[in-house]
Amino acid sequence: MRAPLLEVENLSRHYAVRRGLLIPKRVGTVRAVDGVSFSLERGETLALVGESGCGKSTTARLVLRLVEPTTGTIHFQGEDITSMQGEPLRKLRRRMQIVFQDPFASLNPRMTVGAILEEPLIVHDLGDAARRRARVAELLGLVGLAPFHAQRYPHEFSGGQRQRIGIARALAVEPALIVCDEPVSALDVSIQAQVVNLLEDLQRRLGLSYLFIAHDLAVVKHVADRVAVMYLGQIVEIAPKDTLFADPRHPYTRTLLAAIPRPDPHRERNEPVAGGDVPSPMAPPDGCRFHTRCPFVVERCRREAPALLPVASGHLSACHLNDMA
Ligand code: SF4
């Protein structure tokens, strides 16, 4: 059987917290990502969702090897890339790209769009000048822009157009995986759908896989094949999208779903919603990390961490309630 495009096993990233001016002392550890495992198939979109600070963006940067893991392994296209360095790592960068949240901040304002799109081709030594120019025109066409846009600067474009340029730049080197880090959350709602539709269209045409980082479940419902829900550095539920939205098993997932605005304001919510703030990742609660906010907490939750276990085909959840179902 063909290996998944991406396989992540027990991935963690911990940061030492030091205090003191002259001789800084280690006073704690932030567990930004703590034992995360998942896989991504070719042509699939896996959404990583959760509140700000849950570890989803750090997970994406670990996968891209922009951040070194503390523990765990990452396999990409069947190859262990966990500690890849030097030339092999440089070549790997061609196969994995990222689309950033803020298209304006991620585009160099002093470069024309043509130069921005040509840069990765030069870095990876792809084609001569004439071929690169042709590729720039092709990329602009792929994302719904015109060849003459190559002469313009980022500030001459709208937010949606700038994000199209960011997507074109990611596509330039023909990657297999694109990490989409909140790619539409900085855009007007009216533009979000256009960019999401573009990403879906490109996926169909080019066979891309997306690791889609988002806090907005309404967008995820549209774009994802599967969804992994993260809380305080860990995955607490993972399932095919339709299953997760129709039959969420983890109380935190239910809280996130209950927070999606509904078109009918008269329809009542009957889902208990978690209260309080997310605890510090420097001192995550013992037992189930969600127990300080969970409306269903029982004594066992305070002492024993629930494992992420199957509750149905392809559907895993980490909650003691599953034992009682
Ligand atoms: Fe809530 Fe307990 Fe389940 Fe954690 S294990 S989500 S505290 S019921």
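This is a predicted model: local features need pLDDT of at least 70, side-chain atom pairs count only at pLDDT 80 or more; totals for chains, interfaces and linings use all residues.
Mentor: Start with the rule on strands: two of them pair if DSSP finds at least two bridges between them.

Trainee: What makes β4 and β5 a pair?

Mentor: The count of bridges. Strand β4 (residues 71-76) and β5 are joined by two bridges in the antiparallel sense, and at least two are required, so they qualify as a pair. In β5, D80 is the bridge partner of H75, and E79 is that of F76.

Trainee: Which residue in the hairpin of β4 and β5 takes a positive phi?

Mentor: Q77, with phi near 50°. The hairpin has two residues between its strands.

Trainee: How do you know that β1 and β4 pair?

Mentor: By the same rule on bridges. β1 and β4 share five bridges and run antiparallel; the rule asks for at least two, so they count as paired.

Trainee: In what order do the strands of the open sheet of four lie?

Mentor: The order is β2-β1-β4-β5, and the pairing is antiparallel. The edges are β2 (25-40) and β5 (79-80); each has a single partner strand, so one side of each has no neighbour in the sheet. Helix α1 (residues 56-63) packs on this sheet and touches β1 (6-19), β2 and β4. The direction of α1 makes about 70° with that of β2.

Trainee: Why are α5 and α6 called roughly parallel?

Mentor: Compare the angle with the cut-off. Helix α5 (residues 159-171) and helix α6 (residues 189-206) pack at about 20°, with axes 10 Å apart. Angles under 35 degrees count as roughly parallel, and α5 and α6 are therefore described that way. Their crossing is right-handed. On the α5 side the contact is made by G160, Q163, R164, I167 and L171; on the α6 side by I191, Q194, V195, L198, L199, L202 and L206. By class, these residues are eight nonpolar, three polar and one charged.

Trainee: At what angle do α3 and α5 pack?

Mentor: Helix α3 (residues 113-123) and α5 pack at about 25°, with axes 8 Å apart. That angle also falls under 35 degrees, and the two helices are therefore roughly parallel. The crossing is right-handed. V113, I116, L117 and P120 of α3 meet I165, A168 and R169 of α5. The contact has six nonpolar residues, no polar ones and one charged.

Trainee: At what angle do α3 and helix α4 pack, and what is that called?

Mentor: α3 and helix α4 (residues 129-142) pack at about 120°, with axes 9 Å apart. α3 passes α4 in a right-handed crossing. The residues in contact are V113, G114, L117, E118, L121 and I122 in α3, and R132, R135, V136, L139 and L140 in α4. Seven of these are nonpolar, one is polar and three are charged.

Trainee: Which are the edge strands of the open sheet of eight?

Mentor: First the order, which is β6-β7-β8-β3-β9-β10-β12-β11, with mixed pairing. β6 (96-99) and β11 (309-312) are the edge strands, each pairing on one side only. On average, neighbouring strands in this sheet are turned by 25° against each other, direction ignored.

Trainee: What makes β3 and β8 a pair?

Mentor: Strand β3 (residues 45-49) and strand β8 (residues 209-214) run parallel and are joined by five bridges. L46 stands opposite L211 in β8. α1 packs on this sheet too, touching β3, β6, β7, β8 and β9 (226-231), and its direction makes about 150° with that of β8. α6 lies across β3, β7 and β8, at about 160° to β8.

Trainee: Why is the contact of R61 and D181 called a salt bridge?

Mentor: The distance from N to O is 2.9 Å. The cut-off is 4 Å between a side-chain nitrogen of Lys or Arg and a carboxyl oxygen of Asp or Glu, so the pair qualifies. R61 is in helix α1 and D181 in strand β7 (residues 177-181), so the pair ties together parts 120 residues apart in sequence. The structure holds 14 salt bridges.

Terms used:
Residues are numbered from 1 along each chain as its sequence is written. Side-chain values use heavy atoms; hydrogens and water are left out. Axes are lines fitted to C-alpha atoms, for helices over the stretch in contact, and angles run from 0 to 180 degrees between N-to-C directions. Angles under 35 degrees count as roughly parallel, over 145 as roughly antiparallel, 65 to 115 as roughly perpendicular and the rest as oblique. A crossing is left-handed if the near helix is turned anticlockwise from the far one by less than a right angle, and right-handed if clockwise. Contact means heavy atoms within 4.5 Å. Ala, Val, Leu, Ile, Met, Phe, Trp, Tyr, Cys and Pro count as nonpolar, Asp, Glu, Lys and Arg as charged, and the others, Gly among them, as polar.
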